[in-house]
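Let's take a walk through a protein model together. Keep the picture open as you read, and look for each part as it comes up.

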Amino acid sequence: MDTGSRTNTGSRRDPRVAGLAALAGLVADETRAACLLALLDGRAWTAGELARHAGVAASTLSEHLGRLVAGGLLAEERQGRHRYVRLAGTRVAQLLEDLAAQVTPDPAHRPRGLRATTAGSAMARGRTCYDHLAGRLGIALTDALTARRLIAPAPAPPSAAAHPRSSAETDAAPASAPTDSPVPAPAPAPDERGTGFALTEAGMRWFEDCGIVLDPAGRRPLARACLDWTERRPHLAGAAGAALCRHALDAGWCVRIGSERAVKVTARGERALAELLGVEPAALC
């Protein structure tokens with residue numbers, strides 16, 4: 001009798017056990033975790049930049065990057081003498097976002113000094129979360145899109161009763177639409193059910209009218225909820241969130257500030273967001 005796939009208790013071993021343990025081991029190192037979180041800005045970094053960010057020697061960082069690339073979390077490319085790395089894709093970014101959202105900041109590690117405090121405040125005010133907007137900026141945009149019925153909470157898939165969601169998934173789900181609203185929430189598209197948010201038909205038209213290109217046929221959900229680790233509420237992610245972020249940066253609504261993920265809304269952006277979504281400048285501070 002084949003017992004190779006059974007544990008000591010005699011139960012058949014799940015074939016994903018080894019892979020999950022290996023994945024957890026890749027993240028379970030502070031240097032590698034620092035690199036992964038830095039790369040959530042959606043850009044490619046050189047090995048030297050990441051070494052300085054993580055506070056380790058270049059030789060040490062090179063070994064860590066090799067493990068992350070081999071484990072499928074990072075992709076690399078070389079240009080001349082430079083080695084660039086970036087997250088391997090949106091699924092890796094989503095995994096990191098979901099893990100980071102479960103971490104409660106340690107009060108013993110509060111920012112020290114004016115520079116660190118200022119940088120932390122800027123990140124909380126507005127930042128990129130891989131390829132979409134987060135912080136108070138991301139929440140303000142999500143609230144405005146929801147209030148105008150451009151996105152709506154997506155119900156759980158029909159099979160949810162047979163496959164209960166984990167507590168982490170439950171925490172990430174947005175609150176239901178107000179029951180006293182005179183206008184019923186538009187039904188989400190079938191392929192977006194269970195993602196937390198769904199883009200409505202009015203939302204599709206809004207993106208088109210704004211000149212923001214979406215790809216409804218793509219494999220990525222058009223709209224997805226991502227739990228914001230500073231606001232502890234879901235902001236808009238998915239293809240729509242990425243397209244909105246890209247447009248905001250390209251149109252000059254937002255600009256990157258500092259060396260990390262922080263972004264700042266410009267005067268042009270304040271006018272555009274007030275006109276298109278009714279977002280008051282005070283909500284972006």
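Start with a pair of residues facing each other: leucine 227 has proline 234, in strand S9, as its bridge partner. Strand S8 (residues 224-227) and S9 pair in the antiparallel sense, with 4 bridges between them. Two strands are said to pair if DSSP finds at least two bridges between them. Strands themselves are DSSP runs of E with at least two residues, while helices are runs of H or I with at least four, and both are numbered from the N terminus. The S8 and S9 hairpin has 6 residues between its strands, and arginine 232 takes a positive phi near 60° there.

Before going on, a word on where all this comes from. The model is predicted, so local features need pLDDT of at least 70 and side-chain atom pairs count only at pLDDT 80 or more, whereas totals for chains, interfaces and linings use all residues. Residues are numbered from 1 along each chain as its sequence is written, and side-chain values use heavy atoms, with hydrogens and water left out.

**The chain as a whole**

The protein chain holds 11 helices and 11 strands. Of its 285 residues, 36% are buried; here buried means under 20% relative accessible area, exposed means over 50%, and partly exposed is in between (1.4 Å probe, protein chains only). Contact means heavy atoms within 4.5 Å. Among contacts between residues at least 6 apart in sequence, 61% join residues at least 24 apart.

**Around histidine 235**

Back to S9 (residues 234-237), where histidine 235 lies. Is S9 covered or open on its faces? Both faces are covered: Pro234 and Leu236 on one side, and His235 and Ala237 on the other, are all buried. Histidine 235 counts as buried because its relative accessibility is 1%. Leaving aside neighbours within four places in sequence, the residues in contact with histidine 235 include Cys129, Leu133, Phe197 and Asp228.

Now find aspartate 131, which sits in the loop between strand S4 (127-129) and strand S5 (132-134). Again leaving aside neighbours within four places in sequence, aspartate 131 is in contact with Thr90, Arg220, Gly241, Ala242 and Cys245.

These two residues both turn up in the table of side-chain polar contacts. A polar contact is a pair of N or O atoms within 3.5 Å; within protein, one must be able to donate a hydrogen and the other to accept it, and residues adjacent in sequence count only if both atoms are side-chain atoms.

| Side chain | Partner side chain | Distance |
|---|---|---|
| Histidine 235 | Histidine 132 | 3.2 Å |
| Aspartate 131 | Histidine 132 | 3.4 Å |
| Aspartate 131 | Arginine 220 | 2.8 Å |

**A three-stranded sheet**

Which order do the strands take in the open sheet of 3 strands? They run S1-S3-S2, with antiparallel pairing. Strand S1 (45-46) and strand S2 (74-79) are at the edges with a single partner strand each, so one side of each has no neighbour in the sheet.

S1 is joined to strand S3 (residues 82-87) by 2 bridges. Tryptophan 45 stands opposite valine 85, and threonine 46 has tyrosine 84 as its bridge partner. Between S2 and S3 there are 6 bridges, and arginine 78 stands opposite arginine 83 in S3. S2 and S3 also make a hairpin with 2 residues between them, and glycine 80 in the turn has a positive phi of about 65°.

Helix H4 (residues 58-70) lies across S2 and S3, at about 45° to S3. Such angles run from 0 to 180 degrees between N-to-C directions, and the axes are lines fitted to C-alpha atoms, for helices over the stretch in contact.

**Cysteines and rings**

A disulfide is a covalent bond between the sulfur atoms of two cysteines. The test used here is a pair of cysteine sulfur atoms within 2.5 Å, and the structure holds 0 disulfides.

Last stop: the rings. Rings of Phe, Tyr and Trp (its six-membered ring) pair if their centres lie within 6.5 Å; planes under 30 degrees apart count as stacked, over 60 as edge-to-face and the rest as tilted. That gives 1 aromatic pair. Tryptophan 206 and phenylalanine 207 form it edge-to-face, 5.1 Å centre to centre with 80° between the planes. Tryptophan 206 is buried at 12% relative accessible area, and phenylalanine 207 is buried at 0% relative accessibility.
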